[in-house]
Amino acid sequence: MSARRALDLSLTLVTDAAQCGARGVASVVADAVAGGVRTVQLRDKAASDTEVLRQLEALADAIDGRATLLVNDRLEVVAAARRAGLPVDGVHLGQGDVPVLRARDVLGADAIVGLTANTAAHLEVVERMPRGTVDYLGVGVIRPTATKPDHPPALGIEGFARIAAANPLPCVAIGGVRAEDVADLRAAGAAGVAVVSAVCAAADPRAAAQEFARAWTNRERRPAASGAVRPPQATVPRVLSIAGSDPSGGAGIQADLKAIAATGGYGMAVITALTAQNTRGVRAVHVPPATFLAEQLDAIADDIAVDAVKIGMLANTEVIRTVGDWLARTRPPVVVLDPVMVATSGDRLLDADAEAALRDLLPHADLVTPNLAELAVLAGADAPAGTWSEAIAQAEALSATTGVRVLAKGGHLGGADAPDALVDAASARLVEYPGERIATTATHGTGCSLSSAIATRRAATGDWETAVAEARRWLRESLRHGETLRVGGGHGPVHHFAGLWERGGLATAPTPAEVEADWWDGIADVRRGIDELPFIRGLADGTLEREPFRFYLAQDALYLRDYARVLAVAAALAPDATAQAFWARSAEGAIAGELELHRSWLGRTTAPPDPAPATTAYLDHLAAAGARVDYPVLIAALLPCFQLYADLGARLAAGEFGPAALDPAHPYASWLATYADPGFAVANRQAIDLVSATAAHATPEVRERMRRAHRRSSEHELAFFAAPLTTSAIAPGEEVPA
Ligand SMILES: Nc1ncnc2c1ncn2[C@@H]1O[C@H](COP(=O)(O)OP(=O)(O)OP(=O)(O)O)[C@@H](O)[C@H]1O
Ligand SMILES: Cc1ncc(CO)c(N)n1
Ligand SMILES: [Mg+2]
């Protein structure tokens, strides 16, 4: 059990003995709690300590565990009452009362300490206190009030919103709050409202409290107040699924958590029942004790602000009651009820006698998402709708009698279409979402997944119609890819993450730097092979014969001319101007390199030799990459020509292959200088960055093809360097100048 009850500040009653009059404070409190008051603050400045203690005894009886009991000021009395075992939860202090730090000290960690704060200076003081000193702030006054004639200037709703947004503590709006202000205050970030005379002086305190409680719960059915400041929200909605377990992972809690995660929420799960089921059907159901269900729910509410709740399988009447009580107590801001009765396989997931109890749960929901069979049961129709217009008529009837939004789902309609419709009788709105039926057997858990996605998107966007549209778009994509998962022989699951993975949004996607390192490590053997080639060794120490060097240069000239053409293809396919310019510049550089080879080494008169097999093979590989019009794979194939030369050039120039390469008298000194050129190092870096960024953002499948193309080009580089000393037919030619 939790150390203290969940603090529900939604509706606080601050008592006023004079206004309660002859009825007595305890009797007014009893009525107010029955009407929906969740926190009671005893305020009696005139009473003696003994009188306050007596009043607390009477109030504890009147409240009977249904509300939090606090006392205004009077720290010592609160401490004494708690020592005496009275259910007094804490104290509310004004700026002129004892310091909150002292109250926390005296009452301990599990007491509630509230503080009145209505200026920026007050907030600053609170900010400097250790976390957990203050549980909530009373912020006001909202409108001028007679109860507190010495009150500070009225803040209005906007002033309240500013204070609520400026600090992370729950803020209760107090002072002159009227029922018609409640929705706007909640939209402005209030954790609740506090009332005094509106309830204490009311002829019927219970009805007065009920009006405020309803205004708090129903705020979403009102149009948003213009200029209302949005509450500071967590960026990732915290979404709780209350549902059954499906061990096959396609429906129930398991589907809900996947759907919440896939649509951008933080998922939590309270399990109502366990099923033994797979894609073919449900074999058994085990319902744990309802007391344990309540324990799970309270554990969440005592600690975590829940932005949305999705409710699925409820199994039986006792489970429904437990969840209903919890909803009544905690009133989460978004509740989507998927009234699960029968699984896709046809097996019952709700006791037949629990249908009436489920109907009683509807007022706690903001949206109910029945399939055709469930819609008929809830709407009290004789049979499931046979046509889409019949389904809409049933949904309209259900929404009209319950006041709850209904999403009618066409998944079980015969025919080529699978439409859904959002019906809200309160606002007389009907939004239809048409959609072709997707030909697939992967429909297990569509309803669970859809309702979880709607709850998440509603919390994220603040709008029901947008939420349904977004959830449907996501579900349809997941339906299309469901069969690729190959799960089970019956109705398989949808692929909850198909869209995410398709777009490369996988959390395991590497960074560009990781791609670079990965690919570089992946060709370590090729690089070692190049380093050990007699051609490279001879090039480094200057012992290489002129003939193989000339062979190499002639092949390189041939290579560069076609390499330039493939670079130009990359420029043509580049997705942005930066990449386009880079590949075009590189194409020009390769042509310039070819011309320079002829000018300085080969001589103008040299007839081009035939390409050697290694040259042809390498160029074919590049040309094939270019011809596939597959930009990512193409640039991956182009990269090793930059990367391996730049690496080799830098290491030769650093003397890694021996000091001879540094000797200005080295026979191939000017060739060595080309590849150690800082300008070439810059181009190499740009090429690596472009390619690794493209790979990092690609899908895993494209990234893998890129990696293979990169590796293949590296192998061609090795063969190209090996060719001068292994290819037998060396074409005769002129002397190579030194
Ligand atoms: N074959 C399909 N093609 C397109 N959309 C579908 C298909 N089957 C179901 N849907 C959609 O899936 C969602 C769930 O609808 P459905 O009527 O199947 O709910 P359900 O019976 O509660 O699902 P569950 O089997 O999970 O309980 C709806 O948005 C519906 O339009
Ligand atoms: C646990 C569970 N909840 C809901 C459904 C509805 O598809 C199911 N099959 N299993
Ligand atoms: Mg369903």
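**View 1. Thr402 sits in helix H16 (residues 388-402).** Helices (H or I, at least four residues) and strands (E, at least two) are DSSP runs, numbered from the N terminus. This is a predicted model, where local features need pLDDT of at least 70, side-chain atom pairs count only at pLDDT 80 or more, and totals for chains, interfaces and linings use all residues. Residues are numbered from 1 along each chain as its sequence is written, chains are lettered from A and ligands numbered from 1 in the order written, and side-chain values use heavy atoms, with hydrogens and water left out. Thr402 is partly exposed at 27% relative accessible area; buried means under 20%, exposed over 50% and partly exposed in between (1.4 Å probe, protein chains only). Pro363 is 39 residues away from Thr402 in sequence, yet their C-alphas are 6.6 Å apart.

**View 2. Helix H13 (residues 317-330) and its surroundings.** Its 14 residues reach 20 Å from first C-alpha to last, close to the expected 20 Å, taken as 1.5 Å times one less than the number of residues. Val319, Ile320, Thr322, Val323, Gly324, Trp326 and Leu327 of H13 are buried. These pack against several elements, including strand E9 (238-245), strand E10 (266-277) and helix H12 (290-301), with contact meaning heavy atoms within 4.5 Å.

View 3. Most residues other than glycine have a negative phi.

**View 4. A cis peptide bond runs from Gly140 to Val141.** Omega is near 0° here. Val141 belongs to the loop between strand E6 (136-140) and helix H7 (156-166).

**View 5. Helix H26 (residues 631-653) crosses helix H29 (residues 700-726).** The axes, lines fitted to C-alpha atoms over the stretch in contact, with angles running from 0 to 180 degrees between N-to-C directions, come within 8 Å and cross at roughly 40°. That makes H26 oblique to H29, since angles under 35 degrees count as roughly parallel, over 145 as roughly antiparallel, 65 to 115 as roughly perpendicular and the rest as oblique. Residues in the contact include Leu644 and Leu648 from H26, and Phe720 and Phe721 from H29.
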